[in-house]
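Hi everyone, thanks for making time today. Let me put the model on the screen, and then we can walk through it together.

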Amino acid sequence: MKQSVILRLENVTKHFSENEKPAVNNVSLSLQEGDILGFLGPSGCGKTTLLRLIGGLERPQTGTIEIGEKMVCDRTNWVPPENRDIGIVFQDYALFPHLTVTQNVGFGLKNFSKQQVEQRVSETLNLVQLSGLEKRYPYELSGGQQQRVALARALAPQPKLMLLDEPLSNLDVQVRLQLREEMRDIIKAAGTSAVFVTHDQEEALAMCDIVGVMRQGHLEQIGTPEEIYTDPESRFVAEFVTQANFLPARRQGNIWSTEIGSFPVKQSNSHTTGEIMIRQEDCILKPCTDSPLIIRSRRFLGREYRYCLHTASGQEIHIRTGIDTAIPEGTTVEVSIADDVVRIFSD
């Protein structure tokens, strides 16, 4: 069964000042119903502004925004946030401290009967696994529980689209890891669609069906997590998402030569020079007495080792291996890489 489009943006641009570069620059995209879209990028790239434009908290200078086949923003039409059929979860939760969990979750159910409110609040709290905490106040809850309440409050009116602005950034690492899996399951179980903002690469890849990488207001690339990670379209995406190594390289036929070795590259490229991208986990290390590569440090990270290697020119290369590869610091090593994982970026 073909999915319908729940969100569509066409050429959306937002300026906060005429003398500054646009915060969001000519962004177009569409999101299928039931999917989770993540906006990923460094601070100041425009991802939160884009989320606010979708939610109606900001108004663009140009472009159109459509939610659930309803035009909510174009040259002559403007629909306020409360009429866009959206739910919003903010970074700071924004719970009412004087209201109980039940009262917070039911706050947006204005047009429901008392019985309907009670039923919907009960269903939503059960969905976010907070049944039994109905009478507690926000200060009596942990950070993770408060975030679940915020999520339940946004889900209670059964919106067509959820907007989440870095909802996990204020949580401890362990709670964050647990809740990101649960939050994805909750959104999917609720049968809604979502747009999620984060600067955490792993979080975006783990939670989202589609990832849009933003840079200086532009949507640099959009695709599935697998496409973004394995086939980055620019050096910026490759560096930000994969945290790969980049080495100057020169082409000789189908072979690209670097100071750590020569590698065949299947990717077509007409340039003779460029930078070769090598992901940390794609490298295989082997001791070699006449290699110019030296292991300067080795760090044990539980399920893997992370090595820092120095080349003859002084460049650092970072490599991650399984714990079955334990090579001492100071060892000279050679690096081998599978043919189909090497990429070239040229100016």
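β6 and β7 run parallel and are joined by 4 bridges; strands count as paired here if DSSP finds at least two bridges between them. Helices (H or I, at least four residues) and strands (E, at least two) are DSSP runs, numbered from the N terminus. One of the pairs to look at is I86, whose bridge partner in β7 is L161. On the next strand over, L161 stands opposite S193 in β8, and β7 and β8 pair in the parallel sense over 5 bridges.

A quick word on what you are looking at: this is a predicted model, where local features need pLDDT of at least 70 and side-chain atom pairs count only at pLDDT 80 or more, while totals for chains, interfaces and linings use all residues. Residues are numbered from 1 along each chain as its sequence is written, and side-chain values use heavy atoms, with hydrogens and water left out.

Now, which strands make up the sheet around β7, and in what order? It is an open sheet of 6 strands, ordered β6-β7-β8-β3-β9-β10, with mixed pairing. β6 (86-89) and β10 (218-223) each have a single partner strand, so one side of each is left without a neighbour in the sheet. From one strand to the next, the twist averages 15°. Towards the β10 end, β9 (residues 210-215) pairs with β10 in the antiparallel sense over 5 bridges, and there V213 has Q221 as its bridge partner.

Let's stay with β7 for a moment. 5 of the 5 residues of β7 are buried, so this strand is largely enclosed by the rest of the structure. Buried means under 20% relative accessible area, exposed over 50%, and partly exposed in between (1.4 Å probe, protein chains only). In a regular strand the side chains alternate between the two faces of the sheet. In β7, L161, L163 and D165 are buried on one side, and M162 and L164 are buried on the other.

What lies across these strands? Helix α1 (residues 47-55) lies across β3, β6, β7, β8 and β9, at about 150° to β7. Helix α4 (residues 143-155) lies across β6 and β7, running at about 165° to β6. For those angles, axes are lines fitted to C-alpha atoms, for helices over the stretch in contact, and angles run from 0 to 180 degrees between N-to-C directions. Contact means heavy atoms within 4.5 Å.

Another helix, α5 (residues 173-190), makes a right-handed β-α-β unit with β7 and β8. Right-handed here means that, with the strands pointing away from the viewer, the path from the first strand over the helix to the second runs clockwise. α4 and α5 pack at an angle of about 15°, with their axes 11 Å apart. The contact involves residues including G144, Q147 and L151 of α4 and V175, L179 and I186 of α5.

In the loop between β7 and α5 you will find E166. Is E166 buried or exposed? E166 is buried, with a relative accessible area of 12%. Beyond its neighbours within four places in sequence, E166 is in contact with K47, Q91, V197, T198 and H199. The C-alpha atoms of E166 and L51 are 11 Å apart, although 115 residues separate them along the chain.

Moving on, there is an open sheet of 5 strands, in the order β13-β12-β11-β14-β20, with antiparallel pairing. Its edge strands are β13 (261-264) and β20 (343-345), each with a single partner strand, so one side of each lacks a neighbour in the sheet. Strand β12 (residues 255-258) is joined to β13 by 4 bridges, in the antiparallel sense, and W256 stands opposite F263 there.

Then come two hairpins. β16 (residues 293-300) and β17 (residues 304-310) pair in the antiparallel sense over 6 bridges, with 3 residues between them and a positive phi of about 95° at G302 in the turn. β17 and β18 (residues 316-322) run antiparallel, joined by 7 bridges; this hairpin has 5 residues between its strands, and G314 in the turn has a positive phi of about 95°.

Finally, the whole protein. It has 8 helices and 20 strands, and buried residues make up 46% of its 347 residues. Its C-alpha atoms fill a box of roughly 80 × 45 × 45 Å, taken along the principal axes.
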